[in-house]
Amino acid sequence: MDIVRIGLIGVGGMGSNHAGYLSRGDVPGGRLVAICDASPVQLAHARTQVGEGVQAFENADELFNAKLVDAVIIATPHYFHPPLAIKAFGHDLHVMSEKPAGVYTKQVKELNATAEKSGKVFGLMFNQRTLGQHQKLKELVTSGELGELRRTNYIITSWFRAQS
C-alpha cells in the first residue's frame with residue numbers, strides 16, 4: 001500500500017489538530033480522505049479546515065460502511081475509544097487511538113484482544129513521550145539511579161485543563 005487512506009473520527013479538540021497536519025500533507029504516505037463527528041457544528045468547522053476532496057460523515061458507522069479508508073484515528077471522548085476501535089478492526093482497518101485506550105479495564109482488555117486477533121496495526125497516541133524532559137525522566141527511572149520507585153506523581157503545571 002503506497003498511500004494509507006486515513007479517516008478521522010472526532011474533529012474537535014485533538015481531532016482538529018490531526019485534521020490540520022493530515023490535510024496539509026505532513027505525513028508522507030498518508031492522506032486524509034474522511035472525517036466524522038456527531039456534532040454538526042464541529043463537522044462543519046472541520047470541513048472548512050480540510051478542504052475539498054475529504055468526505056464528511058455524521059457517524060462512524062457511515063464512515064466504516066463507505067469503505068473509503070485503510071486506517072482511522074480515533075479522537076473522540078475517552079469512553080468511545082474501545083467500541084470504535086473494535087468496530088474499526090471489524091471492518092479490517094488499522095487503528096490509531098488518542099489516549100487513553102479506554103476508561104474501563106474490561107473494555108481495554110477486549111480492545112487489546114481484538115487488536116491482536118485482527119492482524120492490523122494498533123497504536124495509542126502518547127504525544128508527550130518524545131519530549132526531552134520525559135525522555136530524561138525515563139532514563140533516570142530505567143537506570144536505577146533513583147533507586148526503586150514506589151510511587152510517583154507528575155503534574156504539568158503549565159496546562160490548565162478543566163474537568164470537562
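The paragraphs that follow take up the salt bridges and then the nonpolar cores of this predicted model.

Side chains of opposite charge can pair when their charged atoms come close. In this structure there are five salt bridges, and one of them joins Asp70 to Arg5, with 2.9 Å between the closest N and O atoms. Asp70 sits in the loop between α3 (60-66) and β4 (71-74), whereas Arg5 belongs to strand β1 (residues 4-9), so this pair ties together parts of the chain that lie 65 residues apart in sequence. The two partners can also be described by their accessibility: Asp70 is buried, at a relative accessible area of 15%, while Arg5, at 28%, counts as partly exposed.

Another of the salt bridges is formed by the side chains of Asp26 and Arg24, at 3.0 Å from N to O. Here Asp26 is partly exposed, with 43% relative accessibility, and Arg24, with 58%, counts as exposed.

A further salt bridge links the side chains of Lys136 and Glu139, at an N to O distance of 3.4 Å. Both residues lie in helix α6 (residues 132-143), and because they are three residues apart there, about one helical turn separates Lys136 from Glu139. Lys136 is partly exposed at 43% relative accessibility, and Glu139 is likewise partly exposed, at 48%.

In soluble globular proteins, nonpolar side chains tend to be buried together. The largest nonpolar core of this model has 21 residues, and those that touch the most other members are Ile9, Leu63, Phe64, Val69, Val72, Ile74 and Val95. At least two residues of this core come from each of β2 (30-36), α3, β4, α4 (81-90) and α5 (105-118), and it is α4 that contributes the largest share, four residues.

Which residues does Val72 touch, once those up to four places away in sequence are not counted? The contacts of Val72 are Gly7, Ile9, Leu63, Phe64, Ala88, Leu93, His94, Val95 and Met96; of these, Ile9, Leu63, Phe64 and Val95 are named, as Val72 itself is, among the core residues that touch the most other members.

Apart from this core there is a second, separate one, which consists of 15 residues and includes Ile6, Val50, Val54 and Ala75.

Technical notes:
Residues numbered from 1 in each chain as written. Predicted model: local features only at pLDDT ≥ 70, side-chain atom pairs only at ≥ 80, totals over all residues. Heavy atoms only, no water. Salt bridge = Lys/Arg side-chain N within 4 Å of Asp/Glu carboxyl O. Buried < 20%, exposed > 50% of the residue type's maximum accessible area, 1.4 Å probe, protein only. Core = buried A, V, L, I, M, F, W, Y, C linked by side-chain atoms within 4.5 Å. Contact = heavy atoms within 4.5 Å.
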